Amino acid sequence: PTSSESFAMASLLVANLCRRTATTRSATCCYAARRRFLLQNHVQQRRNFGPAICNLAHSKKLEKIISTQQIQQRRQQNRWLSSVLQESDSDSDDNEGNNTANNSDNSQYASHPCFPRLRSLRNVGVFAHVDAGKTTVTERMLALSGIVRNAGSVDDGDTVTDYLPAERERGITIQSAAVGFGWVLPTRNKEDTASERSVEINLIDTPGHVDFSVEVNRSVTVLDGAVLVVDAVAGVQAQTETVWRAIRNTDKAKSSSSNAETSGSTTSTSSAHGSHQHEPLPAMMYINKMDRDGADFRHAMQTVIKKLKGSNPVPVQLPLYRVENDGQNHGSSGTNDSTASLGTDIVAGTLDQSPPHGEFIGLIDIVHMRALIYPPGAEYLSIEDAIPTVVHLSSLEDKDCQPLKAALDARRDLITSLADVDETMEDLYLHAMECEDDENDCPILSNISTSQIQSSLRRMTLSKSIMPTMCGAALRGIGVEPVLDGVAEFLPCPLDRLPPQLSLCADSNHSRQQKQKQQQEEQTQSAVTLGHPLHPSTLAYVFKVVHMKGRGGSGDGRVAFARVYSGTLKARDTVRVISPSGLAMNEDGGKNKKQKHPTERVGGMLELSGGQFDNLPEGKCMSGDVCALVGLKGVVTGDTLLLTSASTDALPGDQTNGKKKKSKSGKNNDDHWKQYMEGVHLAGLTSPKPVLTLRIEANSSSEQSRLSVALALLAVEDPSLVVKETPTNTLISGLGELHMEIVLDRLRREFGLEVRTGKPAVAYRETVLFDGDEGVETDGFVEYDRTVGGVQLQGAVRLRLSPLSTSESSCIPPEDPLVTLSPETRAFFNMDPLASSDEIEHKYPPALKALLSGARGSLKRGRLGPYPLANLTCHILEVDSEMTTSPDTMPGAMRAAAANAITTLLETLKNDGRLVVLEPKMTVEVSVPTGRVGDVLSDLTTRRGTVDDVATGDDNTHAKSMVHAEVPLIEILGYANSLRSLTGGEGAFSAEYKGHAQQ
């Protein structure tokens, strides 16, 4: 049958189904069946056959099957549908001026005095692959908001956020930089005021190079939303996938990568804190560099769909081009008249065709159905002169022009995409298809308003079901204003986010049962938990530390960047500093045991303005905001800041008949929160493990002490930098060759230290080749019986080595070995069989600690080289010793026996050829001219590389080809110089660490 006949048959089945089920089922079940059947048939056919299906909605065949009376009858049968339609009708085009940027479902907090400020606050980060143009986007945003007069240029080295000398010389972002500014949305009607349509944006520009991924990881922990920048020519690149995993937190959350993982409902702010360690970020995408040769909006979208799992990009804009058309007018070029018409030489790009050959001049806003045409040479004009011409497509006289048709088709696709994930839009879609309009109008476009589309876009963006996608060319100033509008309209405010996950300190007086009881009380008493922006108690998180001479207020000039989650932090406040790394030190009985949580005073606050730090006039930072603190001498990245006294202010709605609520234990909330805050902290930052090590030494012995101090400061700023000092040499380890170069450059520039360096060494590991999941055991007990210094040490250990985890991939990141104890071993030391690992470490005799210490120490050095072992579990099966009555010598005997047993087993495995070396492998992406692909492939082969894919560029669409390969890290050290020689300076590459694989 034809498409029209299939559609008529499907509609007839729907009508019959509704009539049959109406007599036997409730109206809700009837509507649900109708909705499922209609979506499975009609929506799929509409996608296959395009706009023709929409015209069928007005055909006489369909009118005979679905009459107006039947539609009214179905509406009466389902009260829920009627209420949805009534709410949608009230939000019609007459009310399109409502503040879409602030229409979050936070009405329960509307009476709070901080609600208006929090509702208009956005904490957003810009993420991208290196050289995708994120810093240029940031600079254009600052110019549009009035922070700077003219946008800075990466090539000229005068940008606001790239302020380090090394950043300006290399033209890349090395450190994340924060800057705050305001943005006013365009008013929709006369009732709107500037305050209702304005937002305050805290923007963080993050690095795009893999060597500085720690900056990305610690930025996402304090952000509420993300703007992902993608190159229109290259599409999704290696680091784009890395930052996307950080945005959606898929590495830690291990969540499903399908689009359905978050669809169907909006994230609720009333959920208890602790549901997510770092909640995934809602994101929007900006496809940049649309003005370059080879830019393809369709190709970029396809790479996003293919490589960024769970992204579900939904385009809300189409690119506009001016093509060569002799003898035709140029439309609205050079005017700002909103009623001007589009010339015939202006063509819109679509997602089903290759881009036209022409100049990129602007874009079409699908949501508001308008065209934005930018003046020629906008990058050289002032902000006032670079205002785009706005042409409302509804006012065009030529209803058959190509841009209008493309916009209508894209708007239908947008509504359909929203209906797939949003139940409210799904109901509006079905209702629109049942309406009777003129035969020349599409019911979807005529019955679904702009405000309804905006509301659906915001709901689904917040629920991470979609990613609104825009396009432009930031260097030319095209399309950046709509991105700022999208940040305000689609991305969340602090009230739309879950409070951060909190943990009780291990030395707290609360037991495990009390902790669970407290969490249950928090969930039942109030949605405003500790960490919620409206909670009165101060909770802040330090996500970055830098050192600036003369500004820090302390001896080393330390400045701490912090996000205040709840309460208010003021200058001169005394705060309690809780460090996750310090908790373990205190549990070991360290020197800081008496002062487990040191207190410090905030000396002052600085405004966020890239590299320019001015004093904050008010001297306070309120909930949901980001600030820079001075005077805190001992804070490091990942620390939690609490006031020395918990707030006892009651929240609105937390009182009953004028009396404070009491918990089930009978204590007031004041005592409850005070005890809770004495032992609460946020999760610290986990840094990637280093893959490259460099030996350095000072030129003279007098400079060695200065070098130690300088490296200690750099290690505080950069958690991914590992410094190891010995009496003979100093080793620094990092994430790559560029990372090491930047460290040496900072030592020279900031500290005046010229150091000598050795040859770089990569981080090798050793592991055992297991036969499936089966482990290898020692041949019975391994006896150790020696006399050392006149003291006899005797012990015997039987153990087994097994794989730590089962992975089908041969290249995975290495994990440190895990040492476990069998029930027999626990019984030998009279241990509780259910004792946790923390109790084993800190509550049992020294002999047990020595046994674990000996096993772990022996696993740190393999038999093939001085490389630690990885990806295995050491299970101590049995222990025996004749020295149980000698408590002084028992620990030494256990340590030596465990180490001897592991060494003996590893030597046996080495002789059998089952001990192998693992080396770091890098995923390399090489952009090379098509004529030089063969030379590059040959060079990668000589470097022991494995070529995965070669995307040969077409002269009409892509200027270069892309080579994807896996190469050992040791082989690509210094590869940039070799690539320039092979390609005549036209090649470029990026490398991302993938894991360790057998050498």
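Helix α14 (residues 402-421) packs against helix α15 (residues 423-434) at an angle of about 125°, and their axes are 6 Å apart. Here, helices (H or I, at least four residues) and strands (E, at least two) are DSSP runs, numbered from the N terminus. Axes are lines fitted to C-alpha atoms, for helices over the stretch in contact, and angles run from 0 to 180 degrees between N-to-C directions. This is a predicted model, where local features need pLDDT of at least 70, side-chain atom pairs count only at pLDDT 80 or more, and totals for chains, interfaces and linings use all residues. Residues are numbered from 1 along each chain as its sequence is written, and side-chain values use heavy atoms, with hydrogens and water left out.

So how do we describe that angle? Angles under 35 degrees count as roughly parallel, over 145 as roughly antiparallel, 65 to 115 as roughly perpendicular and the rest as oblique. That is why α14 and α15 are called oblique to each other. Their crossing is left-handed, a label used if the near helix is turned anticlockwise from the far one by less than a right angle (right-handed if clockwise). In α14, the residues Ile-415, Thr-416, Leu-418, Ala-419 and Val-421 meet Glu-423, Met-425, Glu-426 and Tyr-429 in α15; contact means heavy atoms within 4.5 Å.

Here are the pairs side by side:

| Helix pair | Angle | Axes |
|---|---|---|
| α14 and α15 | about 125° | 6 Å apart |
| α26 and α27 | about 30° | 7 Å apart |
| α8 and α18 | roughly 85° | within 10 Å |

Now look at α26 and helix α27 (residues 890-911), which pack at about 30°. That angle makes α26 roughly parallel to α27, and the crossing is right-handed. Among the contact residues are Ala-847, Ala-850 and Leu-851 of α26, and Met-894, Ala-898 and Ile-902 of α27.

(The expected span is 1.5 Å times one less than the number of residues.) Its buried residues include Leu-848, Leu-852 and Gly-854, where buried means under 20% relative accessible area (1.4 Å probe, protein chains only).

Helix α8 (residues 134-145) and helix α18 (residues 480-490) are roughly perpendicular. Val-137, Arg-140, Met-141 and Leu-144 of α8 touch Val-480, Glu-481, Val-483 and Leu-484 of α18.

Zooming out, the chain has 29 helices and 40 strands, and 54% of its 999 residues are buried.

Key: Buried means under 20% relative accessible area, exposed over 50%, partly exposed in between (1.4 Å probe, protein chains only).
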